[in-house]
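The sequence and model come first.

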Amino acid sequence: MDELLKEFKQRMHIFHNSEDESLKQVLQKSYIAIQSICGDFDLEQNPIGQELVMERSRYIYNEQLQFFHKNFSTLLLDFGLANKIYGGDDFGVDEIQK
């Protein structure tokens with residue numbers, strides 16, 4: 001989570017450490033929220049999942065969360081389908097995973 005926090009702060013141009021604990025909580029809650037929609041995934045190994053977590057966190061930080069689902073509905077749907085049905089395989093497989 002520390003590496004994700006560092007990347008998030010760079011993206012958001014946050015140069016101080018006073019919000020670190022709050023930002024970690026935002027990132028963690030965003031991770032849980034994306035997992036509840038799209039299924040379990042490894043945050044460190046899945047760049048699309050990581051991007052969704054960071055974008056949701058950005059919306060929270062800017063107090064605009066109500067717009068996140070509408071703006072990212074296609075990516076959420078695509079990622080959720082790939083993650084739940086195809087077991088995270090970007091290209092799919094011949095059989096549905098159990």
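Helices α2 and α5 are roughly perpendicular to each other (the class for angles of 65 to 115 degrees; under 35 counts as roughly parallel, over 145 as roughly antiparallel and the rest as oblique). Two packed helices are described by the angle between their axes and the distance between the axes. For α2 and α5, the angle is about 70° and the axes are 8 Å apart. Axes are lines fitted to C-alpha atoms, for helices over the stretch in contact, and angles run from 0 to 180 degrees between N-to-C directions. Helices are DSSP runs of H or I with at least four residues, numbered from the N terminus.

On the α2 side, Ile 34, Ser 36, Ile 37 and Cys 38 meet Leu 76, Phe 79, Gly 80, Asn 83 and Lys 84 of α5 (contact means heavy atoms within 4.5 Å). The contact of α2 with α5 comprises 5 nonpolar, 3 polar and 1 charged residues. Here Ala, Val, Leu, Ile, Met, Phe, Trp, Tyr, Cys and Pro count as nonpolar, Asp, Glu, Lys and Arg as charged, and the others, Gly among them, as polar.

## Basis of the values

The model is predicted: local features need pLDDT of at least 70, side-chain atom pairs count only at pLDDT 80 or more, and totals for chains, interfaces and linings use all residues. Residues are numbered from 1 along each chain as its sequence is written, and side-chain values use heavy atoms, with hydrogens and water left out.

## Aromatic pairs

There are 6 aromatic pairs in the structure (rings of Phe, Tyr and Trp, the last by its six-membered ring, with centres within 6.5 Å; planes under 30 degrees apart count as stacked, over 60 as edge-to-face and the rest as tilted). The pair of Tyr 31 and Phe 41 is edge-to-face, because the ring centres are 5.2 Å apart and the planes stand at 85°. Tyr 31 belongs to helix α2 and Phe 41 to the loop between α2 and α3 (47-61), so this pair ties together parts 10 residues apart in sequence. Both Tyr 31 and Phe 41 are buried (under 20% relative accessible area; exposed is over 50%, partly exposed in between, with a 1.4 Å probe and protein chains only).

Tyr 59 and Phe 72 also form an edge-to-face pair, at 5.8 Å centre to centre and 85° between the planes. This pair links helix α3, which holds Tyr 59, with the loop between α4 (68-71) and α5 (73-84), which holds Phe 72, 13 residues apart. Tyr 59 and Phe 72 are buried. Ring pairs also join Tyr 31, Phe 41 and Phe 79 into a cluster.

## Asp 20

Asp 20 lies in helix α2 (residues 20-38) and is buried, with a relative accessible area of 17%. Its side chain makes a polar contact of 2.8 Å with the side chain of Lys 9 (a pair of N or O atoms within 3.5 Å; within protein, one must be able to donate a hydrogen and the other to accept it, and residues adjacent in sequence count only if both atoms are side-chain atoms). Not counting residues up to four places away in sequence, Asp 20 touches Leu 5 and Lys 9.

Definitions and conventions
Helix = DSSP H or I, 4+ residues; strand = E, 2+ residues; numbered from the N terminus.
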